[in-house]
Amino acid sequence: MSNPRPDWPQATTAAEIADNLAAVRARIADACARAGRPPSSVRLLPVSKTVDEARLRLAWQAGCHELGENKVQEAQAKADAMADLGIRWSVIGHLQTNKARDVARFASEFQALDSLRVAEALDRRLALEQRTLDVFVQVNTSGEASKYGLDPIEVADFLHQLPAFTRLRVRGLMTLALFSPDPDQVRPCFVRLRDLRDRLRPTLPAGIALDELSMGMSGDFEIAIEEGATVVRIGQAIFGARATPDSHYWPTPDPALQQ
C-alpha cells in the first residue's frame with residue numbers, strides 16, 4: 001500500500017505523464033474501494049516543484065490543470081510563464097508574511113496556514129486584489145520539531161479567530177505525516193488529523209468549514225485515503241524522482257522566522 005522509496009523514472013513526454021496519472025488514479029480508486037469511498041471523493045493535486053515549464057506544458061496536455069508548489073517564488077514564476085493555460089495554482093509550503101502579496105495575486109489555494117500574522121497579511125493583500133483564497137490550516141500531527149504547523153491543541157482557538165479574515169475561505173486541514181517506510185508510524189498522523197477534524201466540527205464558527213483533509217504524498221497517499229484524505233499531493237509518482245532533497249522544500253523551522 002505504501003512505498004516511500006520507489007524508483008520513480010523521469011516522465012519526459014505527455015504520454016508518460018498521462019500514464020503516470022492513470023496509474024496514480026488507479027491506486028486512488030483501489031484505496032477508496034478499501035475504505036468504502038467513491039474515487040470522486042479524493043482530489044489529486046499534482047505537485048510540480050522542480051519541474052520545468054516545458055514539462056509542465058506537457059503535463060497540462062496530459063490533464064494536469066491544477067498544480068501545487070511549495071516555494072512562492074518558483075510558483076509565481078511558473079504561473080506568470082504559463083498564464084495562457086489557466087492553471088489553478090495551490091501553494092502548499094510554509095509562507096512568511098513578506099510573501100503574502102505574491103500569493104494573493106496568483107494563487108487559488110493556500111494549504112499551509114498556521115499563523116494569524118500570515119492570515120492577516122493575506123487578508124489585507126487579497127482585499128487590495130479584490131480576490132478570495134481557499135485555505136487549509138496546517139497541523140503538525142507527527143510532533144516533529146522539523147515540521148511547520150500548529151500543535152493539535154492550538155487548532156480550535158486558531159479556527160475561532162479566522163472569521164475576522166473575510167477574504168480567506170477556510171476549507172479544511174492539512175498535514176505532513178512522519179517520513180517513514182513503516183505504515184504503522186505513518187498512519188497515526190493521518191488518524192490524528194481526521195479525529196481532530198471530527199472533534200472540531202460541532203464547534204466551528206460560522207463561515208468556517210472543515211470538509212477537506214489534505215494529507216498524503218507519493219509515498220503514503222493510499223494510507224492517507226484509507227484514513228479519510230480528500231486531497232492528496234502527488235509529485236514524484238507523476239513527474240519522476242527529484243534531485244533536490246525534500247529538506248529543501250520542507251526546511252526545519254527557525255523560531256525567529258516563523259511568521
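**Cysteines, core and confidence**

Tutor: Cysteine 64 counts as buried, at 2% relative accessibility; buried means under 20% relative accessible area, exposed over 50% and partly exposed in between, with a 1.4 Å probe and protein chains only. This is a predicted model, in which local features need pLDDT of at least 70 and side-chain atom pairs count only at pLDDT 80 or more, while totals for chains, interfaces and linings use all residues. Residues are numbered from 1 along each chain as its sequence is written, and side-chain values use heavy atoms, leaving out hydrogens and water.

Student: How many disulfides are there in the whole structure?

Tutor: The search finds 0 disulfides, a disulfide being a pair of cysteine sulfur atoms within 2.5 Å. For cysteine 64, the nearest cysteine sulfur belongs to cysteine 32, 18 Å away.

Student: And cysteine 189, buried or exposed?

Tutor: Cysteine 189 is buried, with a relative accessible area of 2%.

Student: OK, the core. Which residues touch the most other members of the largest nonpolar one?

Tutor: Phe110, Leu122 and Leu162, in a core of 78 residues. A nonpolar core is a set of buried Ala, Val, Leu, Ile, Met, Phe, Trp, Tyr and Cys residues joined through side-chain atoms within 4.5 Å.

Student: What does leucine 162 touch?

Tutor: Leaving aside residues up to four places away in sequence, leucine 162 touches Leu113, Leu116, Ala119, Val137, Val170 and Ile208; contact means heavy atoms within 4.5 Å.

Student: What is the mean pLDDT of the chain?

Tutor: The mean is 92, and 91% of the residues reach 70 or more; pLDDT is the predictor's confidence in each residue, from 0 to 100. Over residues 1–5 it is below 50.
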